[in-house]
Amino acid sequence: MLDTATEGKSIPEHVCIIMDGNGRWAKKRLMPRTFGHKKGVETTRSVIEVFAKAGVKHLTLFAFSSENWNRPADEVSTLMELFLHSLEKNTPELNVKGIRIRFIGERDAFSEKLQRQIASTEALTRDNETMTLNIAANYGGQWDIVNAAKQLASRVEKDLLKAEEINQKLLEAELSLADTPDPDLFIRTGGEHRISNFLIWQLAYTEFVFTDVLWPDFSEQEMQSALDEYSSRQRRYGKTGDQIEADRAC
Ligand code: IPE
Ligand code: IPE
Ligand code: MG
């Protein structure tokens with residue numbers, strides 16, 4: 001269905017998603033929040049498949065923010081178990097589908113077992129080329145920028161770089177997704193209109209799509225409509241609309 005539906009439309013090269021609304025989805029059903037997280041994993045599997053099929057080359061999913069540690073301890077531990085379990089279960093299948101899986105964020109805070117699984121998932125899928133899936137786990141955009149600043153500062157300290165030589169390009173080269181084009185499309189489900197410390201630097205010129213649909217209900221049709229919405233946008237990067245039209249004509 002998607003192959004024909006996307007014909008003639010511009011496909012974002014990089015999509016990033018804040019997968020929000022699991023807790024409220026469960027609460028509406030008088031179920032524990034963790035029930036929503038389990039259901040949310042199914043949507044995650046579907047989104048990977050649908051976007052890979054649509055031709056998206058990079059997909060970055062916000063799985064756990066650096067602030068999510070502040071949640072009740074039992075929710076955090078269920079999230080960690082779910083994370084480990086779904087990696088164990090889904091890595092082989094995603095590998096067969098040609099998905100390269102990488103993690104961004106501070107992984108040292110995770111259990112040894114989870115860190116080992118993360119490393120083996122990355123190693124197994126390293127050479128896959130259909131799509132790269134970046135999983136942001138214990139990730140924060142502010143941490144990412146501070147970390148990049150630290151790398152540059154240490155080069156200055158070692159006399160490998162002069163402070164006045166620091167520019168946008170050098171800082172970008174130290175960010176988590178340095179080798180990946182900035183996201184073209186940002187999607188947030190769950191009705192909130194905020195970035196919640198996701199890829200704050202990289203989102204400078206990204207197109208935003210917000211939907212009230214809760215993550216477990218985010219269907220293939222919703223995914224398609226986010227792609228359609230993206231395709232209808234004119235990206236101007238500071239230029240005028242007429243300039244963009246003229247550039248496109250030549
Ligand atoms: C997103 O859903 C999943 C994570 C943050 C891990 P939430 O758990 O934030 O769901 P709501 O926003 O409370 O409904
Ligand atoms: C953002 O969702 C983080 C993830 C989806 C992993 P939150 O539910 O934690 O965001 P806030 O707290 O509502 O901003
Ligand atoms: Mg939330």
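This is a predicted model: local features need pLDDT of at least 70, side-chain atom pairs count only at pLDDT 80 or more; totals for chains, interfaces and linings use all residues.
Several side chains place a polar atom beside an oxygen atom of ligand 2. For Arg71, the distance from a polar side-chain atom to such an oxygen is 3.2 Å. For Arg194, the corresponding distance is 2.7 Å. In the case of Ser196, an N or O atom of the side chain is 2.6 Å from an oxygen atom of the ligand. Ligand 2 exposes 390 Å² when taken alone, and the protein buries 78% of that area.

**The surroundings of ligand 1**

The residues around ligand 1 are Met19, Asp20, Gly21, Asn22, Gly23, Arg24, Arg33, His37, Ala63, Asn68, Arg71 and Leu79. By class, they comprise 3 nonpolar, 5 polar and 4 charged residues. Ligand 1 has oxygen atoms in contact with side chains and with the backbone: an N or O atom in the side chain of Asp20 is 2.8 Å from one oxygen atom, and a polar backbone atom of Gly23 is 2.9 Å from an oxygen atom of this ligand. The side chain of Arg33 also has an N or O atom 2.9 Å from an oxygen atom of ligand 1. Taken alone, ligand 1 exposes 380 Å², of which the protein buries 87%.

Two elements, helix H2 (22–28) and helix H3, each give two or more residues to the shell around ligand 1. Helix H2 gives the most, with 3 residues. The space taken by ligand 1 is the largest pocket.

| Ligand | Residue | Part of the residue | Distance to a ligand oxygen |
|---|---|---|---|
| Ligand 2 | Arg71 | side chain | 3.2 Å |
| Ligand 2 | Arg194 | side chain | 2.7 Å |
| Ligand 2 | Ser196 | side chain | 2.6 Å |
| Ligand 1 | Asp20 | side chain | 2.8 Å |
| Ligand 1 | Gly23 | backbone | 2.9 Å |
| Ligand 1 | Arg33 | side chain | 2.9 Å |

**A salt bridge of Arg33**

Side chains of opposite charge can pair when their charged atoms come close. The structure holds 19 salt bridges. In one salt bridge, the side chains of Arg33 and Glu75 meet at 2.7 Å, N to O.

How values were computed:
Residues are numbered from 1 along each chain as its sequence is written. Chains are lettered from A and ligands numbered from 1 in the order in which they are written. Side-chain values use heavy atoms; hydrogens and water are left out. A polar contact is a pair of N or O atoms within 3.5 Å; within protein, one must be able to donate a hydrogen and the other to accept it, and residues adjacent in sequence count only if both atoms are side-chain atoms. Accessible areas come from the Shrake-Rupley method with a 1.4 Å probe; for residues, only the protein chains shown count as cover. A salt bridge is a side-chain nitrogen of Lys or Arg within 4 Å of a carboxyl oxygen of Asp or Glu. A residue is near a molecule or strand if one of its heavy atoms lies within 4 Å of it. On a 1 Å grid over the protein atoms alone, a cavity is a set of points where a 1.4 Å probe fits but cannot get out, and a pocket is an open set with protein on both sides within 12 Å along at least five of seven lines; lining residues have an atom within 4 Å of a point. A molecule sits in a cavity or pocket if more than half of its atoms lie within 2 Å of its grid points. Helices (H or I, at least four residues) and strands (E, at least two) are DSSP runs, numbered from the N terminus. Ala, Val, Leu, Ile, Met, Phe, Trp, Tyr, Cys and Pro count as nonpolar, Asp, Glu, Lys and Arg as charged, and the others, Gly among them, as polar.
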